[in-house]
Amino acid sequence: VSTPRQIEAPAKLREEIEAHMALYPDSRSAALPALEAAQRVHGWCSPEAIEQTAEVMGVTPAYLAAVATFYDMLETEPVGKHSVYVCTNISCSLRGADELHKAVCDAAGDDPELNVRSFECLGACDIAPMASVDGVFVGPLTLDDVPQLLDDLRAGRPVLPEKQLAARACADTEANA
Amino acid sequence: VKLLFKDIDEPGLCTLDVYSKRGGYESARKALAMTPEEVLAELEASGLRGRGGAGFAMGKKVSFLPKGQIDKYLVCNADESEPGTFKDRELMQKSPHMLIEGIVIASYAAGANRSFIYIRGEYVHQADMLDAALAEAHVAGYVGEDILGSGHSLSLVVHRGAGAYICGEETGLLDSLEGKRGNPRLKPPFPANQGLYQGPTLINNVETLATVPTIVKLGGEEYAKLGTDTSKGTKLVSVSGHVRRPGNYEIELGIPSREIIYGLAGGPEEGREVKCWFPGGSSSPVLKNEDLDLPYDFDSMAKAGSMLGSGAIIVMDDSTPILDVALKVAKFYRHESCGKCTPCREGTNWTVKMLERIDEGTATPMDIEIMASVQEHIIGNCLCVLGDAMAMPIGSMIAKFRDEFEEHIERARVRNGLGVPSGEPVAGEFARA
């Protein structure tokens, strides 16, 4: 599909998108990973990001814009570069997630670097209430954890290392007997 | 009995080295030395029912795929977004090779040569672990061309989603995997005939596929000795909410629900009691305290008017207002409705509005009637079951906690100075709605 303007995706982005396209019998399957890659480069799925992706994939920008608006993790408006998704679905809210979300919002204030949002169930109800900080799951969080969470994030340190899900043992004690 | 979770926290289990030392990929070796028909026979003999939510017999699903030399696909549903469910997450993170081995065996039985793991985008760490394990499996020749000299070839791609509950619905997942918005498709045709890229496709949940190596190892008949008559084997259950030890537990199907909620997960805090619980994720109709002694298996849950679903038990203690639970659930489904079918798109929105009116104190008892009837009109009237997934639990809450809803209306109206409701709408109320 030719576009009226000459759109050039950065070489590295083009390479990454083309690598994804090669994985599928139909290259259009790469739409989500391609948009995710473009979002990483541009900070959000900006018109420019979408046009560049469309040019590499050989689809129309409108097609990709329609895809991008469907998915929660594809940002269709400018956002802060660090994401803090606070789960406020049922299991987390039973354990104080709404208060937690409010506390994180208050503490983050209008910091343009931070993208704080309430999120649907993130699949970590065992550490409720929890948040996904730039993709890293942390919990169970108390209101007292909020300042350190944001300090760690702003300083580029691992966020609340002792509360990260990755290192947590299975709750089923007999599993490791 | 621990099958999937045995030594789940053994250091390095996520690596091929440790997984192989524990007997990993021996089932794949055994299966690939059998004929695909023999492997399928074992799966059917095991009685394994899908662990993603619907509970459909896995072996039967495999047998539905047409035979012959055509492009067939296997898709692993790792979207796990049913609220309260987090079992696949732990399995993929800690034992990714078990899933890959299951996919290799199932693809052989189904005659599929291309496979995909569709994992929700939020599971960054788990997708990274799968990618690392897949790279190892490739090098070792467990995935790729002519696996272990069997003549069976399989490509496998870990595909990351981007945040949409509906992509856990199998046809929505397929559209998403094709690079589109994740809108569900009309069924039939079922994916077994026309799925990914219009080709025959086997779609199974992570836990279902991860169970396959165990079935091959034990033999289908041996596996079927576990569990109940119609619910065979073990199940991973995710327990969350008001319990002292939330987490994943592997149980033999058919044990009393009380044993899971109280025995394993520790039950609610001291002095609190279970008010109600979702037995299978937030889409399952709620059960009450008096249902705690029901055996936890597919049919007992169905007989009690609910479902085992994904095996996600969410517990609410007696301090929880049922209205808060209903609102949370309804808002979630409103947010996640893809908007394709009117009953779901409008029904979820109306339900949220009516619940908000109850909360604000501008509702009348008539709203409960209307809300109950809206739920009935959603069920069975859409392409997929997302609408039903709200209508079933909300309907069950209205039926089982009607007094509480009425009481809330009354209290909130008095608070607002609207007086005790008469059952008739107050003038101007509908205009405001």
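In which sense, left-handed or right-handed, does H14(B) pass H16(B)? The points below take up this question and the interface of chain B and chain A.

1. The model is predicted: local features need pLDDT of at least 70, side-chain atom pairs count only at pLDDT 80 or more, and totals for chains, interfaces and linings use all residues. Residues are numbered from 1 along each chain as its sequence is written, chains are lettered from A and ligands numbered from 1 in the order written, and side-chain values use heavy atoms, without hydrogens and water.

2. The crossing of H14(B) over H16(B) is left-handed (the near helix is turned anticlockwise from the far one by less than a right angle). Helix H14 (residues 342-360) and helix H16 (residues 386-400), both of chain B, pack at about 30°, their axes 9 Å apart. H14(B) and H16(B) are therefore roughly parallel (an angle under 35 degrees).

3. From H14(B), B:Cys344, B:Gly347, B:Thr348, B:Thr351 and B:Leu355 make the contact with B:Leu386, B:Gly387, B:Met390 and B:Ile394 of H16(B) (heavy atoms within 4.5 Å). By class, five of these residues are nonpolar, four polar and none charged.

4. Between the chains, 66 residues of chain B are in contact with 47 of chain A. The buried area is about 4,300 Å², with 56% from carbon and sulfur atoms (accessible area, 1.4 Å probe, lost on being put together, summed over both parts). B:Ala162, B:Arg181 and B:Lys328 supply 14% of the area that chain B buries against chain A, more than any other three residues.

5. Three salt bridges are found across this interface (a side-chain nitrogen of Lys or Arg within 4 Å of a carboxyl oxygen of Asp or Glu). A salt bridge joins the side chains of B:Lys2 and A:Asp172, at 2.6 Å from N to O.

Key
Axes are lines fitted to C-alpha atoms, for helices over the stretch in contact, and angles run from 0 to 180 degrees between N-to-C directions. Helices (H or I, at least four residues) and strands (E, at least two) are DSSP runs, numbered from the N terminus. Angles under 35 degrees count as roughly parallel, over 145 as roughly antiparallel, 65 to 115 as roughly perpendicular and the rest as oblique. Ala, Val, Leu, Ile, Met, Phe, Trp, Tyr, Cys and Pro count as nonpolar, Asp, Glu, Lys and Arg as charged, and the others, Gly among them, as polar. Buried area is the accessible area (1.4 Å probe) that two parts lose on being put together, summed over both.
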